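Hi everyone, thanks for making time. Today I'd like to walk you through how two parts of one chain meet. Have a look at the structure first.

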Amino acid sequence: MNRVYLDCNATTPVEPEVLDAMLPYFSAEFGNASSIHTFGQKARAAVETAREQVAALLGARPQEIFFTSGGTESDNHAIFGIVSSSGASRPHVITSFVEHEAVLNTCQALEKRGVSVTYLPVDQDGLIDLEHLRGALRPETVLITIMHANNELGTVQPLEQIGSIAKEADVYLHTDAVQSAGKIPIDVNQFQLDLLSVSGHKLYAPKGVGALYIRGGTRLKQLLYGGHHQRGFRPGTENVAGIVGFGKAAEIARRSLANDASRLSALRDQLEHGLLHRTPHSHINGGRAPRTPNTTNLVFPGVEGEALLIALDLKGLACSTGAACSSGAVEPSHVLTAIGLPPEEARASLRFSLGRHTTQADIDFALRVVPAAVAQLRELSPTYQKAAAHD
Ligand SMILES: *Cc1c(COP(=O)(O)O)cnc(C)c1O
C-alpha cells in the first residue's frame, strides 16, 4: 500500500546521509569520547565537529552548545536551571498558553514548588501580545520562556521583539525552537536569546538526541550530577552516534533551509487551497500569522478529528490531531482552545506537516483522499446534515 507521511512535526525520518555519518560510531569508532586513547580521541573529535555544526545552525559558539537527550530535557534544563539558580525568594516566570507540554508541565511543576507563573494568552492566530508581555513583567521575574514556532499551528512568535523586551527588563529569555530549527532562520544574537532548545528527530536526525544552547555567562543550575562530561554541566557518556547524526542533520538543514522553505511552502499552500476549495465550510487555524513553511492546520466542521485521522490512515495518509489522550478521554488541544476555537471545532481540526521528502504526488494524493473522507464522515453526521440544510 502506498503510504504518505504528512506528520513531520511529530517526527521525521533519518536522512540517509545522516545515517551514513552515524554508522561507523556503532562499530569501528565505538570509543568513549572521554577516553584518552585513539578510540576515545576519534569519538571526541566527532562530538566536537557536531557541536560546531549545531552551533552554526543557530548562530552560536560551539562552547555554548550542550547535547541532551532531546527537546524535553533541554526545556526542563533551561527552565528548572534558571529558576533554581535565581536568588529570588519567590521567583516569577512568564510563558504562554500555547507552549509544548515540555514547557507547560515544567512550569506547572514549578508552581507546585511555590514559583509563580504567568501564562500569556494568544490571539486567534496563536501569537502573544507584546504589551501583555511587558505588563506581565515584575521585579521578581527571572525568566521568559516563549516558543519560537508552534508545533500544532506552525505560527512563529515575534522573537526578536520579545528579545528586546527581555533585554530591557534584564530577564533571561529561553525559547523552544524545536519546530523552527532547520525550517526558518535562527540567530541567537539577533533574537537576544540566553537559552534555546532543539531536538534531533524533528530535523531528520534520530530520536533521543537534542541540544540546549546556553549563552556564555548565563547562570543556571545543572539538572543531572555525574562525571565530567560536557564540562560536568551535563554529565553522562555522550550518545556519540546520535550526536554525530544530529550534527550532520544540522549541517544539511543549514545548507538546504532556503530551498526546502520555498519548495515546501509552495506545496503546503497548494494543499491548503485545494482542501479549502474542495471541502465546504473548512477553514485554516492560525493562517494570518507568519508560519513555518511546512505546516497547516484546518477545521473540517461536522467531523471528529480522530475519526478522520483513522479513516485517512486506512487509506494510507498519516497526519495528526492536536488532541491529547488523557485518562481515556480525548481532550481538545490546548493550543486550539487557546486561539479561541469552540471545543467542537477544536475536535474537528487536523494538522498536516510536510517534510523534505514530501512530493507533488503526495499532495495530489492528499487532495484526493481528504475531501472524500470528510464527505463520507459528514454523511454519517446528523448534526452536520441539519446545519448544512440551513445554508
Ligand atoms: C517534539 C517537541 C518537543 C519535544 O522534543 P523531544 O525531543 O521529543 O523530547 C518540544 N517542543 C516542541 C515544540 C516539540 O515539537
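Before the numbers, one term: buried area is the accessible area, taken with a 1.4 Å probe, that two parts lose on being put together, summed over both. And please keep in mind that this is a predicted model.

So, who are the two partners? The domain assignment gives domain 1 as residues 4-11 plus 257-389, and domain 2 as residues 16-252. Their C-alpha centres sit 29 Å apart. Domain 1 brings 28 residues to the contact, and domain 2 brings 29.

How much area is buried between domain 1 and domain 2? About 2,500 Å², with carbon and sulfur atoms giving 55% of it. On the domain 1 side, the residues that lose the most area to domain 2 are Leu257, His334 and Arg356, and together they make up 23% of what that side buries.

Between the two domains the count is one salt bridge. Aspartate 125 also forms a salt bridge with arginine 288, where the closest N and O atoms are 3.3 Å apart.

Which elements of domain 1 face domain 2? Helix H7 (240-278), strand E10 (295-299) and helix H9 (334-338) each supply at least two residues to that side. H9 gives the most, with four residues. By residue type, that side of domain 1 divides into ten nonpolar, 14 polar and four charged residues.

That's my tour; happy to go back to any of it.

Definitions and conventions:
Residues are numbered from 1 along each chain as its sequence is written. This is a predicted model: local features need pLDDT of at least 70, side-chain atom pairs count only at pLDDT 80 or more; totals for chains, interfaces and linings use all residues. Side-chain values use heavy atoms; hydrogens and water are left out. Domain bounds come from an automatic or database domain assignment. Contact means heavy atoms within 4.5 Å. A salt bridge is a side-chain nitrogen of Lys or Arg within 4 Å of a carboxyl oxygen of Asp or Glu. Ala, Val, Leu, Ile, Met, Phe, Trp, Tyr, Cys and Pro count as nonpolar, Asp, Glu, Lys and Arg as charged, and the others, Gly among them, as polar.
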